[in-house]
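Today I open my notebook on a new structure. Come and look along with me.

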Amino acid sequence: VNLEQVAYLLTAAGEITGDSTHRRAIPSPGGIQTLTIYLAASRVTELNAGIWRYEADSASLTEVSVGDPWPALKADASGLRRVHDAPAAIFLATTSQAAEAKYGERAHRYVLLEAGHCGQNICLAAGALGLGAVTIGQFDDAAYAALFRLSVEQSPVYLLPFGVPAT
């Protein structure tokens, strides 16, 4: 895949749609925007292999770590056996404290719905580009938190590997 395709998918995942950072392409509980969007790039043309954080306000990537993340991703996600050749994946982490303060015990549901909406946008955008994407929620939370260098406030939620479908 190339950087232009990746940019399209990241835009579908977290584009700011208005003049406020609280207006995005996906619904969020109370406009809180609990998701942080990461890119695990292994073989993306025009982009170094590594972990990147998507900055929606500037539509840019910030480098988190250098090097091919795919061996670590595969080692800690049993669902990746089916998509071991994907050149990249989008990873979603959530910070739910603000949602918990506003919605109490229902916050967890709302945060997962937000991640689901985001995942759906990514899958639909991938299809529009002729790419395939799959959703994976079965992975080692602690290993992924370390790999993506999540803060203690963040929780791993969703992994979406994508690429050109096998024929």
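Which residues does Thr-94 touch, not counting residues up to four places away in sequence? I found Thr-34, Leu-35, Val-111, Glu-153, Gln-154, Ser-155 and Val-157, where contact means heavy atoms within 4.5 Å.

A note on the source: this is a predicted model, where local features need pLDDT of at least 70 and side-chain atom pairs count only at pLDDT 80 or more, while totals for chains, interfaces and linings use all residues. Residues are numbered from 1 along each chain as its sequence is written, and side-chain values use heavy atoms, leaving out hydrogens and water.

**Entry on Thr-94.** I placed Thr-94 in strand β4 (residues 88–95); strands (E, at least two residues) and helices (H or I, at least four) are DSSP runs, numbered from the N terminus. Thr-94 has 6% relative accessibility, so it counts as buried (under 20% relative accessible area, with exposed over 50% and partly exposed in between; 1.4 Å probe, protein chains only).

**Entry on two helices.** Next I looked up helix α1 (residues 3–14) and helix α4 (residues 107–128), which pack at an angle of about 150 degrees with their axes 8 Å apart. Axes are lines fitted to C-alpha atoms, for helices over the stretch in contact, and angles run from 0 to 180 degrees between N-to-C directions. Tyr-8 and Leu-9 are among the α1 residues at this meeting, and Cys-118 is one of those in α4.

**Entry on cysteines.** I counted zero disulfides, a disulfide being a pair of cysteine sulfur atoms within 2.5 Å. For Cys-118, the nearest cysteine sulfur is that of Cys-123, 9.8 Å away. Cys-118 is buried at 0% relative accessibility, whereas Cys-123 is partly exposed at 26%.
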